[in-house]
Each structure stands twice: as C-alpha cells, then as structure tokens.
Amino acid sequence: MTVRLTQVAKRAGCAAKHPPGYLFPLLRGLPPISDPNVMIGTSTADDAAVYRLSADTALVLTTDFFTPVVDDPYDFGAVAATNALSDVYAMGGRPLTALNLVGFPDDTLDASILAEILRGGAEKAREAGIDLVGGHTIKTDEPIYGLAVTGVVHPDRVVSNAGGRPGDLLVLTKPLGIGILTTAAKQNKDALGAIGKAIRLMSTLNRAACEAMTAVGVHAATDVTGFGLLGHLRNVVAASGCGATVWLDAVPVVEEAWTYVREGIAPGGTHANWRFLKDHVTYEDGIDKPAELVLSDAQTSGGLLIAVEPSRVDQLVAELEARGTPARAIVGRLDEGPAGKIRVTARATG
C-alpha cells in the first residue's frame, strides 16, 4: 500500500517552523556570543552562522529539517536536503559536507520509506558536490528529515543579510507560491495539478544563484523559506538598518497559487507570517488579502533574495539567466527608512 507522507504529518515543510513572533523574543534572551571568531551568530537572524578559522577561511554552519511537504519519500528527502543546503548558498558559501537528521515512526511506517528519504537526500547532496557522512535518528510520531550542513567561505566574501544599502535593488531567483501549492495538494485540492511544478522548484539547488551573485559582487542576500518573502526581507532591512519597497506586479508567482489562495487555501504558517508582519509592512490601497498572503507565503526551499547596487543589477540578471535560475526578477529596492519597515506598492514607482 502506498503511503502519502503529507497525510501522516500535521504540518508540512517550512510552514511547520515557529513564526518569527514566537522565535525572536526567545533569541533575545540567550547569552551574548563572546567568541571573537564568530563572524555571524544569532543577532541578525541570518540564514547560517559563520565562524572564522583563519585569515582566508571561515566555516558556514547551518541545520534545517521538517515534516513531509510532499507525498513521495524520495522527493521529500531531495527537497529537505535542497532546503538545508540553501542556507550555505545564501551566505555566498560552498557546501563541504553534511549530516542526516532523522525522526521516524518505525512502528507505523515501513523502513523502506526511510530508505527512500535518505536516498533522495544523498543524491541531492551528491548533485551539490558533497557527501552525507553520518547523522542521527530518533523515534518520532511523524517523519522528520533534514541536514546539518558545513560549508566554507572566504571571510572577506561572506554575503550576510546585514549588508544592504539604501538604493540597492532586490532580485528574486524563484517564484513564490510554493507553500500554497503544497497545502492544496495536502488538502486534496490541487485540481490544477501544480504539485509537480512545486517539487521541481523546491528541489532546484540555489547553487547557480549563489555563483551568480558571488561572481558579480552583491551587498546582501537571504533565502526565502518559512518566513515568506516579506518576513525574510524584514530580517534584511532590520539587520541593514534601512527600509524597503516591494513592487507587487514585479514579483514572480506560480500562476496556480493565485487561483488557490483566492479559494482560501494557504498554510497556517503563511497566516502566522501575515499576522506578524502587520507591524512591519504597509500595503498600498487596492492590494487585497490574497496578495498579502502570497507575499507572506511560507516557502519551502525558495529562491535567494539578493540586494545589489543598481549599477550591477543588469550584470546580475544576465549571470542568473546564463545559469538558468527559475527566476531573476527585480522585485523592489532598499530605502533610507524607516529601518526595518517595508512598503508594498501595486507597481514600481520612481
């Protein structure tokens, strides 16, 4: 009998993450980091930690895991691995190796399912040029899978979320709507058959986007995952001390996601993001709730959001196109302020 993995999990993928409004107060209560070799820790809510080993070498350290976002075990493993590797790419780094993180209900699911999850993760890691060298498993009520990834970057070439500058243009490398599409499939409401498109996007490595941005030279970047486009952009503008404007009509969105969100389909994590962002985002008159949800949609293994100075944006777009990223859309800009605040307009303005 075929098991649909999404039916044995209450929440799916990065939509299972605790929302920022829950996490950030907890992080503020942690002891401050005192090791001078920690270049990036928890203070800016960046995608990964960075630890300096020497004048020309720093480690990029990250971990990411979640419950099934798709039904097929192999696809689940591949998507989860792609998502975890993305944090290293978002920092401008190169993955070196990774460890499996596994929770599995061995009393209700056959071990062959776990074998396929692990195979999907291992083959995606191999595509990224690394090996999975071990890991850890525990018994859980729902399947959980992800990776702890170690990467490397030159200390002078780290791309953080804190380097954005007013005037920078924002470039997005994958379309939005993945959380809405996977929720439609989980609820048996994917009448348009869009889950295959979502799986292809989620299992596309952000390696090409990373290579493009490091070739050009950019000011800041983040990957768009569980906090949605606006949630991760809020982290960028808060860390960079500036504001931002997003142009709705410039944002790439999987077409079927518009249909589903207007039918009332969206992950719980997307709604949590939307509620959190009320204090940080203002919307131009005429932008409706479905559009606000799309911009807040909890993505699993989304693209990179890159801040680049205007004089280099054409070169960046050309590099992204040459490498075949799913999107290379100029979706907004960073502004003078107020710091940490975002404005969404229906279309680009001067």
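In this predicted model, both Phe-66 and Phe-76 are buried. The ring centres of these two residues lie 6.2 Å apart and their planes meet at 35°, so the pair is classed as tilted. Because Phe-66 belongs to strand β3 (residues 57–66) and Phe-76 to helix α2, the pair ties together parts that are 10 residues apart in sequence.

Phe-76 also pairs with Tyr-145: the ring centres are 6.4 Å apart and the planes stand at 75°, so this pair is edge-to-face. Here helix α2, which holds Phe-76, is tied to strand β6 (residues 144–153), which holds Tyr-145, and the parts joined are 69 residues apart in sequence. The relative accessible area is 0% for Phe-76 and 1% for Tyr-145. The count of aromatic pairs comes to two, and Phe-66, Phe-76 and Tyr-145 form one aromatic cluster.

Helix α2 (73–90) also takes part in covering the buried residues of helix α5, as does α4 (178–186). Within α5 (residues 195–202), the buried residues are Ala-198, Ile-199, Leu-201 and Met-202. Viewed down the helix axis, the buried residues of α5 fall within an arc of 165°, so they line one face of the helix.

The second largest pocket has a volume of about 340 Å³. Its lining comprises 19 residues, and Arg-28, Thr-42, Ser-43, Thr-44 and Ala-45 lie nearest the centre. At least two lining residues come from each of α1 (20–28), β1 (38–40) and α7 (228–240), with α7 giving the most, four residues. By residue class, the lining of this pocket divides into 12 nonpolar, five polar and two charged residues.

Note on methods:
Residues are numbered from 1 along each chain as its sequence is written. This is a predicted model: local features need pLDDT of at least 70, side-chain atom pairs count only at pLDDT 80 or more; totals for chains, interfaces and linings use all residues. Side-chain values use heavy atoms; hydrogens and water are left out. Buried means under 20% relative accessible area, exposed over 50%, partly exposed in between (1.4 Å probe, protein chains only). The arc is that of the directions from the helix axis to the C-beta atoms. Contact means heavy atoms within 4.5 Å. On a 1 Å grid over the protein atoms alone, a cavity is a set of points where a 1.4 Å probe fits but cannot get out, and a pocket is an open set with protein on both sides within 12 Å along at least five of seven lines; lining residues have an atom within 4 Å of a point. Grid points are joined across faces, edges and corners, and a volume is the space filled by probe spheres set on the points. Ala, Val, Leu, Ile, Met, Phe, Trp, Tyr, Cys and Pro count as nonpolar, Asp, Glu, Lys and Arg as charged, and the others, Gly among them, as polar. Rings of Phe, Tyr and Trp (its six-membered ring) pair if their centres lie within 6.5 Å; planes under 30 degrees apart count as stacked, over 60 as edge-to-face and the rest as tilted.
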